[in-house]
Amino acid sequence: MIIDCDPGHDDALALLLAVGDPRARLLGVTTVAGNQTLDKTTRNAQRVLALAGARHIPVAAGCDRPLVGELTVAEDIHGATGLDGPDLDVPVADVADVHAVELMRRLITGAAEPVTVVALGPLTNVALLLRRHPEVTPGIRRIVLMGGSTERGNTTPYGEFNIVTDPEAADIVLRSGVPATMIGLNVTHQALATGEVIAEFRGLGTRLGGVCAELMTYFAAAYHRAFGFEHPPVHDPIAVARVLDPSIVRTVTAPVAVELAGTYTRGATVVDLHRRTGRPSTVDVAVGLDVDAFWRLLMTAVANLGR
Ligand code: BDR
Ligand code: CA
């Protein structure tokens, strides 16, 4: 898989899952502006990989703003660095000297079998890849994205952050014809980093376990301030979990449209679960999560990394 991301507390856990699970083969990491500015999300991806002992995995920086309009970061949730909380001081590897879109193109065309693209931030890089290099699409097995919702949003009443940040990019991706799986808030809000989860991370007794505990402690306080949530939802690793063990996330195939123009609903994902629109059903939409299996997978991966 390739992970395109904007770390981000939950992106960081997703990267650890993809490095620590023995079934995963993480070919490369590309970064996009979203939770924070591009320089910060890129630095954070480098740091997380270095902490995980995976400095060899290439990291390439991509788009520093959405296709249309200006970037609004999620500093209220992820802090001034994008990964506020733990001490992440670690020597990092150099960033690749190519754009994220070019790294994705090279990794996909050079792979022996089709590659899964896991998208954990605004879809700007992925949309550009599909528009600029349509010849790579047969090499993409599926795009598994964290974004959207079958229900309400988190950035606007009906809009989820990754889609609201770049609705045009999401529209391009979901209408591209490449098989897509959408992991939305309706499912990610079931994976809550409770006190027990945080204690379990800490109980691993490793630096990495401590970093995860501190990331989630910061995240919990931020979610409490911003949304009044008792525990924070850990969105992004669920997309990686779906790739590693599809039985963890239940999906249904449904038509999904991105609202590009609504007065109050720009960036909403309009999921036609009851097939009322007659539009073709093209997206596998997450509707259920095996919460215990998800946490087991993530904890085991972080434990496997040791460190
Ligand atoms: C998504 O937005 C970001 O804040 C998270 O990293 C996640 O990808 C949740 O809406
Ligand atoms: Ca993210």
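**Labels and their cut-offs**

Student: Why is Arg275 called exposed?
Tutor: Arg275 has 11 other C-beta atoms within 10 Å. A residue is exposed if 12 or fewer other C-beta atoms, placed from the backbone, lie within 10 Å of its own, buried if 20 or more do, and partly exposed in between. Because the count for Arg275 is 11, Arg275 is exposed. This is a predicted model, where local features need pLDDT of at least 70 and side-chain atom pairs count only at pLDDT 80 or more, while totals for chains, interfaces and linings use all residues. Residues are numbered from 1 along each chain as its sequence is written, with chains lettered from A and ligands numbered from 1 in the order in which they are written.

Student: What backbone feature does Arg307 have although it is not a glycine?
Tutor: Arg307 has a positive phi of about 55 degrees. Arg275 also has a positive phi of about 55 degrees, and is found in the loop between strand 9 (269-271) and strand 10.

Student: How do you know that strand 6 pairs with strand 5?
Tutor: Two strands pair if DSSP finds at least two bridges between them. Strand 5 (residues 140-146) and strand 6 have four bridges, in the parallel sense, so they pair. Within strand 6, Thr181 is the bridge partner of Val144.

Student: Which residues of strand 6 are buried on each side?
Tutor: On one side Ala180 and Met182 are buried, and on the other Thr181 and Ile183.

Student: How do you know that Leu16 is in contact with Val48?
Tutor: Two residues are in contact if their C-beta atoms, placed from the backbone, lie within 7 Å. Leaving aside neighbours within four places in sequence, the contacts of Leu16 are Val48, Ala52, Ala301, Val302 and Leu305.

How values were computed. Helices (H or I, at least four residues) and strands (E, at least two) are DSSP runs, numbered from the N terminus.
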